[in-house]
Amino acid sequence: MHQVDHARREALKQGSATAIFGLFVAAGLVRPGTAHAAWNQAAFSAKTVDAVVKGLGGASTAPTKDVNWGSTPEIAENGAVVPVSVTSNVPKTESISILVEKNPNALAATFTIPAGTDPTVSTRVKMGETSQVHALIKADGKYLVATREIKVTLGGCGG
Amino acid sequence: MTRLTTGGALVLALFACLPGLAAAQAGDDTVKKIEEYRQALAGGNPAELWEARGEDLWKRKAGPRNASLEACDLGKGPGVVRGAYAELPRYFADTGRVMDLESRLVHCRMTLQGLTAAQARARPYGSGTDRSDNEALVAFITSESRGVKMNVPQSHPKEREAYQLGKKMFFFRGGPHDFSCATCHSESGKRIRLQDLPNLTEAKDAQRAYTTWPAYRVSQGELRTFQWRLFDCFRQQRFPELEFTSEASVALTTFLARNANGAEFNAPAIKR
Amino acid sequence: MADPMRIRAKIEGDKTVVRVLMAHEMETGQRRDSTGKVVPAHFIQEVTATHNGKTVLAAQWGPAISKNPYLQFQFAGAKAGEKIAIAWVDNKGDKRTDEATIAA
């Protein structure tokens, strides 16, 4: 208790809103998931590539060929689990996002790549149907996009 | 269309499944690309999550007797897990029965942990948050036979008896569809839509099929055991439910496990 | 409480390759159960990987990431025996942090 009291006094002394908020989180008064402002609601609600870029804070995109899709298959036997691997060869890559055009919301994931980390990520996404899949690269402040089609075998064929 | 000789049914099935594909693509190319998909998945198998939970369940004290399962004898002596699954089902003198992994686990959970038969048999297959301890334990124990050659014994008369009963079941036709296991699984090159059906009367297919269960089924997001495979085959052929750990279930497992002898066990795997 | 992650981190050349499996339902909020009721969305929203106090990967995920998520990435500057920590937070505020030792 002493530590918490001390921390509260320090926070009040500083008058810092973020410090007080942090204390509330620590005390279990605010649930981080609901209170966390970091998750990009706008980008994840977007329906189109352009709207995702806008949601991420960008303005426009240009096509790029400097993306390697690694082990990403061209046909997925089951849309529930589609392996996607993206390596950006664009200098100064800051982030990699994966978008599935025909999903209800296009953006599946966005990865921030700090200095020292390779601009390469692999994960698995859900696809409702055959769709264009985009790798959206933010590099040196600009947005670049590479696209490939992944076919999904549907219904009884995959189940 | 050059591959028509390999089976018109295959090409037709692919057309039916992939209407968007150009004709030229629909043959071996599709098969190759689906193989690439399967290989891409193999790099990270969520079955590991079940293996980890199973190991915890094996080692953690539980039940009315607050005991772990570590003293359980899976056939190679109390507590020996490594390689045990590759030699199951087998005859156990302490029960006087041939037992598969699941029936032995039920036995150990009752005798060591003090669970009732109903508790030890509860929920053989999980779904979502309704999880199955059995599946997790099976995932852990089978993973400890990875790389071990299948060596299911037939030295005790009851083991031979179980094998013969299992063989009879495999070929037994019945139910509303007049179906047997053999209807789907005794000819090479058969498929249901895109799925290859193993010919379980041939060593190579029988070995590959048995040694790749349990598997994480990506279509279900669940780990499924060989027991589940049999259970669901029975449902698909409209047979009466295959009762978990029953004599019939152990016998059919004995037949199929023994036929995989000599092959390296390679599961938990990942399947579509 | 969610199950532990499975984290494998291994030095390959001058990089550390990290492979992670997470136990999570990743419900989209668009699926109905057998009674016709919508299953509420429940998915991991944020993932952070930390090495020596430095963030080596930060991700935001939507519900289109597959159930029991898999993640692979690689970074430079780590030595065998050091720790890598992965943390996730989902949309209900559930969270989990796990650590692994980097293998040679």
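How many residues does the contact take from chain C and from chain A? The contact takes 30 residues from chain C and 32 residues from chain A, two residues being in contact if their C-beta atoms, placed from the backbone, lie within 7 Å. The model is predicted: local features need pLDDT of at least 70, side-chain atom pairs count only at pLDDT 80 or more, and totals for chains, interfaces and linings use all residues. Residues are numbered from 1 along each chain as its sequence is written, while chains are lettered from A and ligands numbered from 1 in the order in which they are written.

On the side of chain C that touches chain A, β3 (44–51), β4 (54–61), β5 (70–76) and β6 (83–90) each supply at least two residues. Strands are DSSP runs (E, at least two residues), numbered from the N terminus. By class, this side of chain C has 14 nonpolar, 11 polar and five charged residues. Nonpolar covers Ala, Val, Leu, Ile, Met, Phe, Trp, Tyr, Cys and Pro; charged covers Asp, Glu, Lys and Arg; the others, Gly among them, are polar.

Strand β6 of chain A (residues 107–112) runs antiparallel to β4(C), and four bridges join them. Pairing requires at least two bridges found by DSSP. Thr110(A) has Gln60(C) as its bridge partner in β4(C).

Chain B holds an open sheet of three strands, in the order β6-β5-β7, with mixed pairing. β6 (222–224) and β7 (269–271) of chain B stand at the edges with a single partner strand each, so one side of each lacks a neighbour in the sheet. Strand β5 (residues 215–217) of chain B is joined to β6(B) by three bridges, and the two run antiparallel. Here Arg217(B) stands opposite Glu222(B).
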